[in-house]
Amino acid sequence: MEGAQRTTTSLIDREERTVAALLTRFRALVTLAAEPVQDGATKEVAAAHGLQMEVEGSALVRATEDLLQLTRELKELWLFGPLRGINEGEGEGQMNVDSQKVGELVEAVLKRVGEHPPAS
C-alpha cells in the first residue's frame with residue numbers, strides 16, 4: 001500500500017504543478033496582451049513584446065500537453081492498473097475460486113432456462 005500511496009501522492013503533486021504552470025503562463029500571456037502600447041515605442045520594443053508573447057504562448061501549449069499526458073497516464077492506470085509480477089496481487093488463488101463460482105452460477109442459470117424455455 002505504501003507504494004500505491006507514494007504513486008498517488010506523486011500524481012497529485014504532478015497535477016498541481018502542471019495546473020500551476022498552465023495558470024501562470026496564461027496569466028503572463030493575458031498580462032502581455034493587455035499591456036498598453038507606450039507612446040513612441042520602437043520597432044525593437046514591439047518585436048521584443050511579440051517575442052515574449054510567442055514564448056509564453058508556446059509555454060502555455062507545452063503545459064497543456066503535459067496535462068493531457070497526465071490524463072492519458074491516469075486513464076491507463078485506471079483501465080489496466082499498475083503493472084504486477086506473475087501471481088502477484090491475485091489474492092492467493094481467490095480469483096480462481098471466484099471464477100469457478102461464477103461458472104457454476106452461469107451453468108445453473110443456463111440449465112434452468114433450458115428446462116423452462118420462454119413462451120413464444
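At 11% relative accessibility, T18 counts as buried, where buried means under 20% relative accessible area, exposed over 50% and partly exposed in between, with a 1.4 Å probe and protein chains only. Before we start, note that this is a predicted model, in which local features need pLDDT of at least 70, side-chain atom pairs count only at pLDDT 80 or more, and totals for chains, interfaces and linings use all residues. Residues are numbered from 1 along each chain as its sequence is written, and side-chain values use heavy atoms, with hydrogens and water left out.

**Exercise 1.** Find the place of T18 and list the residues that T18 touches.

*Solution.* 
- Step 1: look in helix α1, residues 2-34, for T18. Helices (H or I, at least four residues) and strands (E, at least two) are DSSP runs, numbered from the N terminus.
- Step 2: leave out residues up to four places away in sequence; T18 then touches A63, D66 and L67. A contact means heavy atoms within 4.5 Å.

**Exercise 2.** Describe the pattern of the protein chain and its contacts.

*Solution.* 
- Step 1: take the contacts between residues at least 6 apart in sequence; 84% of them join residues at least 24 apart.
- Step 2: turn to burial, where 10% of the 120 residues count as buried.

**Exercise 3.** Decide whether G50 is buried, partly exposed or exposed.

*Solution.* 
- Step 1: locate G50 in helix α2.
- Step 2: G50 has 34% relative accessibility, so this residue counts as partly exposed.
- Step 3: check the spacing to A33, 17 residues apart from G50 along the chain; their C-alpha atoms are separated by 9.2 Å.

**Exercise 4.** Which element has the lowest mean pLDDT, and which the highest?

*Solution.* 
- Step 1: recall that pLDDT is the predictor's confidence in each residue, from 0 to 100.
- Step 2: the chain averages a pLDDT of 83, and 82% of the residues score at least 70.
- Step 3: among the elements, helix α3 (residues 94-115) has the lowest mean, 84, while helix α2 (residues 43-80) has the highest, 91.
- Step 4: keep a caution in mind: where pLDDT is low, the predicted coordinates should not be read in detail.
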